[in-house]
Amino acid sequence: MVEVRPLPSADSPLVEAVDLAKHFDVSPPWLTRVLERQPRTLLKAVDGVSFAVPRGRTFSLVGESGCGKSTVARLAVGLYTPTAGRLVFDGTDLAGLNSRAAMAPVRRRLQMIFQDPFASLNPRWRVRDIVAEPIRAHGLLSETRAIDRRVGELLELVRLTAADGQKYPHEFSGGQRQRISIARALASNPEFLVCDEPTSALDVSVQAQILNLMKDLQRELGLTYLFISHDLAVVYHISDYVGVMYLGRLVEWGEARSLFRKPQHPYTRMLLDAIPDLEMTGRRRIPVRGEVPSPMNPPSGCHFYPRCPFANERCRAEVPLSITLPHGGEVRCHAVEEGRLTEAAVRQALGRGASAP
Amino acid sequence: MSSAVKTPLLQVRNLRVEFPTRRGVLTAVDDLSFDIHEGEVLGVVGESGAGKSMTGTAVIGLLEPPGRIAGGEVLLRGRRIDNLPYEELRRIRGKEIGMIFQDPLTSLNPLYTVGRQLVETIRTHSDLSEGRAKARAVELLAEVGIPAPERRVNQYPHQFSGGMRQRVVIALALCANPRLVIADEPTTALDVSIQAQIISLLKRLCSEHGAAVMLITHDMGVIAETADRVAVMYAGRLAEIGPVKDVVKHARHPYTHGLMGSIPIVGQDLDRLTQIDGSMPRLSEIPPGCPFHPRCPRVFEPCDQERPDPIPVENSEVACWLYDDKRSGGGGHG
Ligand SMILES: Nc1ncnc2c1ncn2[C@@H]1O[C@H](COP(=O)(O)OP(=O)(O)OP(=O)(O)O)[C@@H](O)[C@H]1O
Ligand SMILES: Nc1ncnc2c1ncn2[C@@H]1O[C@H](COP(=O)(O)OP(=O)(O)OP(=O)(O)O)[C@@H](O)[C@H]1O
Ligand code: SF4
Ligand code: SF4
Ligand SMILES: [Mg+2]
Ligand SMILES: [Mg+2]
């Protein structure tokens, strides 16, 4: 599992997560712990996640609330130091850059866009200063006129106008604010953008504008994206590769079209089945059972076993390891490995589901 | 489908909701009319700020001041309810109209057990004894899929997960057997895998109890799977209303058309999504004429001057000049 297998693409990866882990200490305060004889509690927000993002491509992470997507995002731009494993950017282990000075040249090349475009923009700054901030911080340009020209270019790049630079964030709609965040993120000429739910706070028509813009920018500037969302349709639209997370683990990843067409992991299948059907085909689905358990106290073995229609004793006892799929992705599931997740078995689960509550 | 002769369960006629503010009166819902028939699920969709929640809260008389109904009327089974005294309206709420909000915690009192809240609501609207009401509460919890209901009935809301709480709220909304349930974004706060469970539960239970549903959401997928008819709102007004298949698959109003195209769909390989440029105007900046005209790809002469009223087209109504034969020469139908 530690080794990173090459992606089906010929390009070398720009970003690689190798057995990446982030554990948070969520123990009660020391005194309470001693008095009540409680052990330390570790929350394994990210637990041994490996994937690679080829240059110029989009790798998306999906999964339900609390599965660790944002934590991976923060690890990927070096905002968190991993508890274990590595985040390798263009051949450099981010954790090895332990001084600000060592980090700076790499930091310029990775930027992040957040879900809430309002919270992430300083309301007292004019837009032009917000966008110019990374240019000044990284000392990319010093002359005021050059900075102004560059800010104007960036605003036009995100389909705003140079004149918008005079305004304050509150004068813009949600979608326009997200454009401003994107302009700011692009100001340092990054190669890699981590986008954490960039459209989740937006209406669908505005989301479409932002997704179109992101695709255009990727083409124009050759950007590499790590895209995070819980919306599978958005992920289908934007991604080249998709990884599915469940309680801190990457349970399956692969090329986007094949993952959606032939999902392997029972959790991936369940998620795909839960998408409301806009096409109104009246298809049958694997019944969704139960809810995501607490990440503080995840189920043993395969975290998904209490909700899985294919679980058996081995699933409860043993953590499934990654196995490579014929078309290049990876999956962590005993049933897939044992070859017992046949069409017939899945059909039977469907049949049983129709009569179950 | 319900026949035209039968009085609709709910009739909303020319509803207008206003907010007096320092800078003038804002109109959040403007001349909105629609019906909901017995047992029907009406979806109400639209972007943030379109006036969906205002419509829902106006119908049940829960508008928060300074918001107020400034015109029109709301009729339940042919009887006006928008001008009833507070106490009478309160009785109708719960008994005849149940409510489910986005955040289950707005409907649940954290200080009382789930059972106590159910029993109280059941007893307010029926003459069941304490013991019978408690038994009914357990039954309801079982109906909404809460495991071990005999035990859970004595627990407090915080002891339930988000999805389980929303199940409790559904039980609470249905416990007096209302004729109509208004559900405002009932699954938006929940996880994807839970959303599907809650929506199918809501749909199944309402049809078993014979309750009609006004389902407010911005999720077209949920509407496509759940609703019989859909009303699309834009800037406080009705853009289009009609059978779900017509609206989702053959949108007539240019706004609905753009909205549907902007939704990504799994399995649909598009390089770009349909894009409606701009965004919905703020209430203080709604343009004259058709409120959609600055963004409309099909805008023509009358649009920036005259406001289109809903025009009947087959089983739908569409507020767009393209469907007025005298204006467009029948261009909208093509
Ligand atoms: N700084 C922290 N300290 C303690 N626990 C944390 C911290 N950050 C995240 N967690 C926990 O780690 C888990 C993963 O959180 P994360 O924010 O990565 O999830 P997510 O997949 O982004 O969820 P969402 O979809 O809700 O944004 C959660 O259980 C969260 O409560
Ligand atoms: N107290 C208030 N004063 C002034 N305007 C208000 C007030 N409350 C709501 N509004 C406005 O009324 C309009 C309609 O709001 P409403 O809550 O009905 O929208 P909605 O369609 O439910 O949107 P969402 O999808 O975000 O819930 C919005 O533009 C909102 O800004
Ligand atoms: S390992 Fe077992 S429990 Fe986990 S997903 Fe596979 S079959 Fe289900
Ligand atoms: S009335 Fe005119 S502007 Fe409005 S939607 Fe119809 S064509 Fe477009
Ligand atoms: Mg997150
Ligand atoms: Mg609302």
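**View 1. B:Lys52 and its neighbours at ligand 2.** The side chain of B:Lys52 places an N or O atom 2.8 Å from an oxygen atom of ligand 2, a polar contact (a pair of N or O atoms within 3.5 Å; within protein, one must be able to donate a hydrogen and the other to accept it, and residues adjacent in sequence count only if both atoms are side-chain atoms). The model is predicted: local features need pLDDT of at least 70, side-chain atom pairs count only at pLDDT 80 or more, and totals for chains, interfaces and linings use all residues. Residues are numbered from 1 along each chain as its sequence is written, chains are lettered from A and ligands numbered from 1 in the order in which they are written, and side-chain values use heavy atoms, with hydrogens and water left out. A polar backbone atom of B:Met54 is 2.8 Å from an oxygen atom of ligand 2. For B:Ala50, a backbone N or O atom lies 3.2 Å from a ligand 2 oxygen. The protein buries 65% of the 640 Å² that ligand 2 exposes alone (accessible areas: Shrake-Rupley method, 1.4 Å probe; for residues, only the protein chains shown count as cover).

**View 2. The ligand 1 site in chain A.** 14 residues surround ligand 1 (a heavy atom within 4 Å). The closest are A:Ser65, A:Gly66, A:Lys69, A:Ser70 and A:Thr71. A polar backbone atom of A:Gly66 is 2.8 Å from an oxygen atom of ligand 1. For A:Gly68, a backbone N or O atom lies 3.0 Å from a ligand 1 oxygen. The protein covers 65% of the 630 Å² of accessible area that ligand 1 has on its own.

**View 3. Helix H2 of chain A.** Helix H2(A) spans residues 69-76 (helices are DSSP runs of H or I, at least four residues, numbered from the N terminus). Three residues of H2(A) form the largest share of the ligand 1 shell. Six of the eight residues of H2(A) are buried (under 20% relative accessible area, 1.4 Å probe, protein chains only; exposed is over 50%, partly exposed in between). Among them are A:Lys69, A:Thr71 and A:Val72. Just after H2(A), A:Gly78 takes a positive phi of about 80 degrees.

**View 4. Residues around ligand 3.** Of the 13 residues around ligand 3, A:Cys302, A:Cys308, A:Cys315, A:Cys333 and A:His334 come nearest.

**View 5. A:Val34 in helix H1 of chain A.** A:Val34 lies in H1(A), residues 30-35. A:Val34 counts as partly exposed because its relative accessibility is 45%.

Definitions and conventions
Helix = DSSP H or I, 4+ residues; strand = E, 2+ residues; numbered from the N terminus.
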